[in-house]
Every structure is written in C-alpha cells, then in structure tokens.
Amino acid sequence: MEPPKVQSEGGLNVTLTIRLLMHGKEVGSIIGKKGETVKKMREESGARINISEGNCPERIVTITGPTDTIFKAFAMIAYKFEEDIINSMSNSPATSKPPVTLRLVVPASQCGSLIGKGGSKIKEMRESTGAQVQVAGDMLPNSTERAVTISGTPEAIIQCVKQICVVMLESPPKGATIPYRPKPTSTPVIFSGGQAYTIQGQYAVPHPDVWKRVLQRAPMNSPFLTT
C-alpha cells in the first residue's frame, strides 16, 4: 500500500526533522573520508544533515528539510549501510545477508500513534512495507524520547519511514519533549604522586589537563591541594 502523499496547503512539502541514533562506526560510514560522503548526501538530497559532536559511543544524526528531501537522505543512508554490509560479508563466511537497521529517536508522546490501538498501526506498517518495526518500551536516559528500530531492505525501510513521517505529522508531540543526548565516554582517571593519569588500554598515560581541572574545581580545604 502506497503511503499518502504528505503535503501542506498549496501543495508544498512539509518541513520535518527526524533524529537518528547511530553507533560511532555507522557515523564514520555516513561522514566518509574527509567528510565527502555526508557532503554528497547533503548536496544530492537537499536535506540538512547534522551530526552531534562529542566523544560518544552513540551520536545523534538530525535530518531536516521538506519531506521529499528527507526521504532522499534516508534512501542514501540505507543504501550506504547495505553497501557496508555487503563489503563486510566479502570477508566473512556468513551466507545470509543481515538486514539494514536504522534507529529513529521519537518523542514518547507520539509513540502511541505509531503503535496504534492494540498494535494495529505498527502491524499495518510491517505488513505493507515488509520492514520490521519495534518501539522501545523504555525511554532513552534523561529524556522523554524512545528508540524506534526499523530493519529490512533499504526499499522497505524507506517506505516505512514515509509512513512514520505521515503519523508524526498527523499526531504532533504533546507537551514539552526532553531530547535524548548521548553521554561522552568517561575515561578512568588515577591520581598518583601529584600527577593525573588516564587509562588507555593497558597503560596509564599522564594527563595534565585533568589534573589542572581538578585543581581549578577543588575547594580550598581539598586533599588535592596538599603538597
């Protein structure tokens, strides 16, 4: 079943923002060498594609633009991930190709509409697109958003994203949304002999910046200030 065309009054496409949660390796694939892949995606789709900063195991990729540009950007991402899977299989004994998987970050207040009464909407999406769709039961840490995982062929994923966009436009979020922000990885720090060390693999590496920050934040009676 072809999803309805998403258009505003006057026939113009609606501008929408979709957020994706990706692992570092996936983000690296989207960025490409010297940022060439993401630059090409931006130019060819016409969508704005922003990637959150920070040394985090997970990153947020935000795609904004008229719906047709968003679908083009999604198609490019889905086909890039399929290409990565095919390349990884050439060095692997696996014979069956795993599906492409994308994780959307959706305000929890819209997830009820995505699931539908008694799961009817999500069932309809699965059956009409051939993609697997799962809405996480729990909210992402320190946020009011949930992860929606879509997996299947790139074609199935694109059709599924179109249907999800229709539902999100028909059922706007209720109340304030606290967006999910991935936390940076914290490196363990050891203080010894007036020096700060960070653990990198099996080694303790001197880290003067950490020591400086500790001294700046330490109260006057702190044991860190003793000589």
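Visitor: In which loop does Asn142 lie?
Guide: In this predicted model, strand S5 covers 132-135 and strand S6 covers 145-152. Asn142 lies in the loop between S5 and S6.

Visitor: Is Asn142 buried or exposed?
Guide: A residue counts as exposed over 50% relative accessible area. Asn142 counts as exposed because its relative accessibility is 62%.

Visitor: What is the phi of Asn142?
Guide: Most residues other than glycine have a negative phi. Asn142 is a residue other than glycine, yet its phi is positive, near 55°.

Visitor: Which residue just after H1 takes a positive phi?
Guide: Helix H1 spans residues 24-31. Just after H1, a positive phi of about 75° is taken by Gly32.

Visitor: Where around the axis of H1 do its buried residues sit?
Guide: The buried residues of H1 are Val27, Ser29 and Ile30. They cover an arc of only 160° around the axis, so they are on the same side of H1.

Visitor: Which elements do the buried residues of H1 pack against?
Guide: Among the partners are two helices, H2 (36-45) and H3 (67-89). The strands are S1 (15-23), S2 (48-51) and S3 (58-66). The list is therefore, in chain order, S1, H2, S2, S3 and H3.

Visitor: How are H1 and H3 oriented to each other?
Guide: Two packed helices are described by the angle between their axes and the distance between the axes. The axes of H1 and H3 come within 10 Å and cross at roughly 110°. H1 passes H3 in a right-handed crossing. Angles of 65 to 115 degrees count as roughly perpendicular, therefore H1 and H3 are roughly perpendicular.

Visitor: How many nonpolar, polar and charged residues are in the contact of H1 with H3?
Guide: From H1, the contact involves Glu26, Ser29 and Ile30. These meet Ile77, Lys80, Phe81 and Asp84 in H3. By class, the contact has 3 nonpolar, 1 polar and 3 charged residues.

Visitor: Is Ser171 buried or exposed, and which residues does Ser171 touch?
Guide: Ser171 lies in the loop between helix H6 (154-170) and strand S7 (189-192). Its relative accessible area is 19%, so Ser171 is buried. Not counting residues up to four places away in sequence, Ser171 touches Gln110 and Ser113.

Terms used:
Residues numbered from 1 in each chain as written. Predicted model: local features only at pLDDT ≥ 70, side-chain atom pairs only at ≥ 80, totals over all residues. Heavy atoms only, no water. Buried < 20%, exposed > 50% of the residue type's maximum accessible area, 1.4 Å probe, protein only. Helix = DSSP H or I, 4+ residues; strand = E, 2+ residues; numbered from the N terminus. Arc of directions from axis to C-beta. Contact = heavy atoms within 4.5 Å. Axes fitted to C-alpha atoms, helices over the stretch in contact; angles between N-to-C directions. Parallel < 35°, antiparallel > 145°, perpendicular 65-115°, else oblique. Left-handed = near helix turned anticlockwise from the far one by under 90°. Nonpolar A, V, L, I, M, F, W, Y, C, P; charged D, E, K, R; others polar.
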